[in-house]
Amino acid sequence: MKKIIAVLLTVTVFALSFCACSSKPNNKITEKNITKTINVVFDALKTFDTKTVKTYIDSETLDVILTYASRKDQFRKLGVAMFENLTYEIKEIDTDGQTVTLSVKNKDLTKVAADYTADLLKQYSGLTGMLELAKNITNDSWLNSNLAILTNGIKDAALKDDATDVTLHFEQKKDRLLFTFTESAENAVSGGALTEIKKIISNSVFN
């Protein structure tokens, strides 16, 4: 009897594992799979799941932020604050041209992020300032107090009145579809924040 139960449990676990794996997006260029992958991509952005975002998105700016987020939880929380209010609607899927057109809407974060970046780079100007910023950007205490200013500013920002249309190109990899985010797409989904935040890291000598 124990052997029968053990076999049943093994079969059940295997079946559940198979279902979980099969539910993931694959590399098929079909409207159904493209839609599924886009949903996974935007869910990952809203939770700032660094591993999943890196798997399905090719983005120069996001790549930089994600690298820091994988090292420091303060950057992950910043990512969550940026994307938690992001909404999207798939407007058109072109399987032949391998593009997806989306209507996206987020908070208007350009001024919040730009003001924060300008103040920070003014405070840490010159080579000495950049060296100090590079040191601080790895310091948990500094990150807790400084990124909290930006995160709180993002939380207080208002939603944009209108949505923005963006077109994402994708390519077929061995096991998945990979979507390319241009700078305009990055700014659209982040409410204008990503480019400004990248300036902080780009001006830091810590990479």
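Me: Leaving aside its neighbours within four places in sequence, which residues is Thr 99 in contact with?

Reply: This is a predicted model, in which local features need pLDDT of at least 70, side-chain atom pairs count only at pLDDT 80 or more, and totals for chains, interfaces and linings use all residues. Residues are numbered from 1 along each chain as its sequence is written, and side-chain values use heavy atoms, with hydrogens and water left out. Thr 99 lies in strand E3, where helices (H or I, at least four residues) and strands (E, at least two) are DSSP runs numbered from the N terminus. With contact meaning heavy atoms within 4.5 Å, and neighbours within four places in sequence left aside, the partners of Thr 99 are Glu 92, Ile 93, Asp 94, Thr 167, Leu 168, His 169 and Phe 170.

Me: Is Thr 99 buried or exposed?

Reply: Buried means under 20% relative accessible area, exposed over 50%, and partly exposed in between (1.4 Å probe, protein chains only). The relative accessible area of Thr 99 is 12%, which means that this residue is buried.

Me: In what order do the five strands form the open sheet?

Reply: Two strands pair if DSSP finds at least two bridges between them. E1 (57-58) and E2 (87-94) each have a single partner strand and stand at the edges, so one side of each lacks a neighbour in the sheet. The pairing is mixed, and the five strands form an open sheet in the order E1-E5-E4-E3-E2.

Me: How many bridges join E4 to E5?

Reply: A hairpin of four residues leads from E4 to E5. In this pairing Glu 171 has Leu 178 of E5 as its bridge partner. E4 and E5 (residues 177-180) run antiparallel, and the number of bridges between them is four.

Me: Which residue in E4 is the bridge partner of Leu 102?

Reply: E3 (residues 99-105) and E4 (residues 164-172) run antiparallel and are joined by six bridges. For Leu 102, the bridge partner in E4 is Val 166.

Me: Which residue in E5 stands opposite Asp 58?

Reply: E1 and E5 run parallel and are joined by two bridges. Opposite Asp 58, the residue in E5 is Thr 180.

Me: Which residues have the most contacts inside the largest nonpolar core?

Reply: A nonpolar core is a set of buried Ala, Val, Leu, Ile, Met, Phe, Trp, Tyr and Cys residues joined through side-chain atoms within 4.5 Å. Beyond its neighbours within four places in sequence, Phe 181 is in contact with residues including Val 41, Leu 45, Ile 57 and Leu 168. The largest core has 54 residues, and those with the most contacts inside it are Phe 42, Leu 45, Leu 62, Phe 83, Phe 179 and Phe 181.

Me: Which residues are linked with Arg 76 in a network of salt bridges?

Reply: A salt bridge is a side-chain nitrogen of Lys or Arg within 4 Å of a carboxyl oxygen of Asp or Glu. Asp 73 and Arg 76 form one at 2.6 Å, N to O, and both lie in helix H5 (residues 73-83), three residues apart, about one turn of the helix. The network links Arg 76 with Asp 73 and Lys 77.

Me: Is Lys 111 buried or exposed?

Reply: Lys 111 and Asp 115 meet in a salt bridge (2.6 Å, N to O), and both lie in helix H6 (residues 110-123), four residues apart. At 36% relative accessibility, Asp 115 is partly exposed. The relative accessibility of Lys 111 is 59%, so this residue counts as exposed.
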